[in-house]
Amino acid sequence: MDWTTKDIYPFSAIVGQEKMTRALILNAICPSLGGLLIRGEKGTAKSTAVRALAAVLPEIEVVSVCPFNCDPHEHERLCPQCKARLNQGLDLHVRKRKTNVIDLPLGATEDMVLGSLDLEYAVKEGKRRFTPGLLASAHRGILYIDEINLLNDHIVDVILDAAGMGINIVEREGISYVHRAEFILIGTMNPEEGELRPQLLDRFGMCIQIEGIEDPDERVRLIKLRERFDRNSTDFIKAYQDRQNSLSQKIMRAKEQLPHITISDKMVQLCSILALDAFVAGHRADIVIRKTALAIACYEGRDEVTEHDVNEAADLVLLHRMRMPPPPPQHRHEEKERAQEEPPDDEKKKEKEKPETQNQQEAEVREDQEVEKKDQEESERSLSHIPMLEKVFPVGDAFKVKRIQTERDRTLRKGSGRRSRTRTSSKAGRYIMSTMERKTNDLALDATLRAAAPYQKRRSREDVAIAIEDSDIREKIREKRVGNFIVFVVDASGSMGAGKRMIETKGAILSLLVDAYQKRDKVAMVAFKGDRAEVLLPPTSSIELAHRLLEDLPTGGKTPLPHGISLGYQIIQSYFHKDPHIYPLLILVSDGKANVSQYGGKPLSEAMEMAEEIKNDTRVNTAVVDVEKPGLISFGLARQLSLQMGARYFKIEDLKADTLVEVLREDLLV
Amino acid sequence: MENQKLIYHFTAIVGQEKMKNALILNAINPKLGGVLIRGEKGTAKSTAVRSLAALLPDIEVVADCKFGCNPHSKAQMCQECINRIDSGEDLPIKKTKTRVIELPVGSTEDRVVGTLDLEHAIKKGEKRFEPGILAEANRGILYVDEVNLLDDHIVDILLDSAAMGVNVVEREGVSYSHPAEFILIGTMNPEEGELRPQLLDRFGLCVHIQGIADLDQRVEVVKRRASYEQDPAGFHEAWIEEDERLQQAIVRAKGLLEHVTISDDILYLIARIAIDMNVDGHRADIMMMKASKTLAAFNGRSEVLKEDVQKAADMALQHRMRRKPFQKPGVEEGKLKGIISHAHSHTHEHAHTRPHKHSDAPPA
């Protein structure tokens, strides 16, 4: 898309958000800064700013016919075609044009990002030729990914590979091709929608967090400008043309000045001191701070870097790299968790990620800190929860509930970027790449055509341009985010009312619900008390509803445990019909006692039988939360039940730590 | 025209004034960014959206363009139309009804964004783009019933193109982009799950509707429905005039809209509301501004009054309040009224004690 022909809100008319506009400009001045990630709430001009940037970017010289945006002055780095032209003594047709801003849509498929076989050429000539993709177009420009946290993992890997090396290596469809792909990666995201994978986070040179403007004067100014733009965008853009031009020139001048600027040893030292203070990993931060400080000085028209420049640079560079001084205690858990989370289905990816494991952990610690900051806000906000819970529990251990929630929150947040994903075999989901394997009957037309194309000259064709043979058939590999399906089976019998058990239990379920909300899991809830069990909540992703029901859940009466277990299992079974790709998890919250039978047998042995049945169904994961109070007499019934069910077992004490969620996650992530 | 008779008339819908208002505002001003209708089953949500089409004024399109490009604005054209203009061609223009395109919940991605034209590829050995639902919806209404049940990856695509007004396709061997400016109208039943915050924010306005509690009105609903089913032609006769009156009002308001002014006091009130109600970002401010202007135009005024802001705020903030986990979305009406009634003295004082130093005028 050529954004310059569209009515784009002018960059110089953006109100406030100086940090963001400045960071964008700095990247334009010095492309080797490593790109920019903009995190911010919705409606804060993130996308507007990036799209508007294109108009003020400096012009570059390119070989006009080259699809790879070759730089005509760097003879060593020309693409093969341009090199050939040069060797033949032909003119390269140098052309000046604006730096490209290439949009990577979320639905992009692999072939379009990397480049693929030139279909039309192959049909006509019977030869294979490479047709460049988005990475080629982005060379020497900007690759922009809106909502980058929602981008498909596979595509992210492909982009990261290229961004890391500055070249794109294509080996597919019988084509082998290498071309330069040096681009500035700019991503925008709203953290509400999930976090970014740590490896990706680390790739960005800078990261900034933006918020809405609080000052009423500025807000009004913003509304007014927007109103004028909406009224007549052409006039508005014209009115800002001078400002746009002078900004563009300023960037141009800074870019030219960049090689001539000096930085004193003292300032370089300051870069490292600041990096050290933030406990960053490796030396990347120091280097980027230094470069950024240089770019800032240039932009300000100075020929030497000041302390102020370094501080500003550090502010932009360190946000996503900061770590906590001592390694947090749960670090050990993370390692374990990480090891288990490696996607087992994708060997190639695994190998690729291995050398990065170190980085990942570091990045995770970094993320931790950010999360913790957020947690503080969160805990302040969650204060308003307390009266709500107090109403339900007159015993109201407000402090405890809050604590459970915040602590849980921390682990949960960290995981929010990693929703379970799976390659689906049904025709739903996002098409990412193709395969020669024939399983699903889900034809990947483009890939099939490309496979058939080179042979067309030799095949007999009647009325068609492309004759397809069986061996050409390619199928789609689709990816769909598969939510987990959590069924809570909650004991609401009289014994649960004793002590603070129900409060603690509800607190724990609530924490899990928050997690489910962020991952868009489905939940269902079964409670059992008195004579029978009841489906309180049919499978839904409305966590709000679940929460309300949880609040109103009364406690009292006898304990029909067998009915509870069987009803929970029934829900899972029937849900399998609807969506066979779901990962179900049954969580039984009980002390294992039973005194009402379902079929007239002994209640406890009925429960054990059902537990056995569930164990034999390998599709279902299970966990038992033992809510028995530790006392003089301990029956350990829940423990027995968990063994019988093949379930993970924890005590209610575990709910106060992060363990429950962690273990559950290990279970869930397949 | 024949099948228009089959459609229930917009004006014949009993009650649900908020919903009808929000839809009318979008018909007057397509830049309002659509509306999300939240409500229980059987509250005339879908009926209202489908019947809205009949009220929408005709638009001029490039006659032979598959995206229905606007012949008067180069900035909103597809590449083919731009090329045609650049080569000096006069684009053929025709008038057409604004379309309401439905996005079924089970839609696949290729159907939504468009895909590789199979027939053309096999017959001719060339790649050609086959437009999808987003192309059809250009300059019309994109209606998603049960929008909360939409597949996540389809939602992502909607977000992408709703934000830019452009559908960028980079898939299945096709690289293509075309204008996709549509009014996004979604309906949902909140009991079946919430919408993701990012998509929620893309809807300009949001209304929450409930079944009617008034007995007489309920009876009226049943009666009208019965007469519509028994005698569609008679029903059409009975309501067509009312529909036409509303249509004329919409056209008048459309004309008046660009003359509506908004005072600084009102703008400060809007900013104050946004700050005090603790909304995310600035889209709420902009939407309140646009909606209150449109409301003024619909009421035949060329100046925005406080009451417009109050109504607009209700619709623009409904889904933008920063929610605590599990809190029901909605506007605290009391708080909103407090801000607005309190605003008079405040903005007055504000306007006098703080000279507005910043220049909104662009540089000379």
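Visitor: Which residue is the bridge partner of B:Tyr143 in β10(B)?

Guide: In general, strands of a sheet pair through backbone hydrogen bonds, either parallel or antiparallel. In this predicted model, B:Tyr143 has B:Ile185 of β10(B) as its bridge partner. The pairing joins β7 (residues 141–144) and β10 (residues 183–188) of chain B through four bridges, in the parallel sense.

Visitor: What is the order of the strands in the open sheet of chain B?

Guide: The five strands run β4-β7-β10-β1-β11, with parallel pairing. At the edges are β4 (100–102) and β11 (205–209) of chain B, each pairing on one side only. From one strand to the next, the twist averages 20°.

Visitor: Which residues touch the most other members of the largest nonpolar core?

Guide: In soluble globular proteins, nonpolar side chains tend to be buried together. Here the largest core has 135 residues, and B:Ile185 is one of those touching the most other members, along with A:Leu24, B:Ile273 and B:Leu317. Helix α13 (residues 284–299) of chain A gives the largest share, 10 residues. A second, separate core holds 65 residues, among them A:Ala452, B:Leu150, B:Leu195 and B:Cys206.

Visitor: Why is helix α20 of chain A largely enclosed by the rest of the structure?

Guide: An α-helix has 3.6 residues a turn, so residues three or four places apart point the same way. In helix α20 (residues 445–452) of chain A, eight of the eight residues are buried, so this helix is largely enclosed by the rest of the structure. The buried residues include A:Asp446, A:Thr448 and A:Arg450, as well as A:Leu445 and A:Ala452.

Key: Residues numbered from 1 in each chain as written. Chains lettered and ligands numbered in written order. Predicted model: local features only at pLDDT ≥ 70, side-chain atom pairs only at ≥ 80, totals over all residues. Heavy atoms only, no water. Buried < 20%, exposed > 50% of the residue type's maximum accessible area, 1.4 Å probe, protein only. Helix = DSSP H or I, 4+ residues; strand = E, 2+ residues; numbered from the N terminus. Pairing = 2+ DSSP bridges. Axes fitted to C-alpha atoms, helices over the stretch in contact; angles between N-to-C directions. Core = buried A, V, L, I, M, F, W, Y, C linked by side-chain atoms within 4.5 Å.
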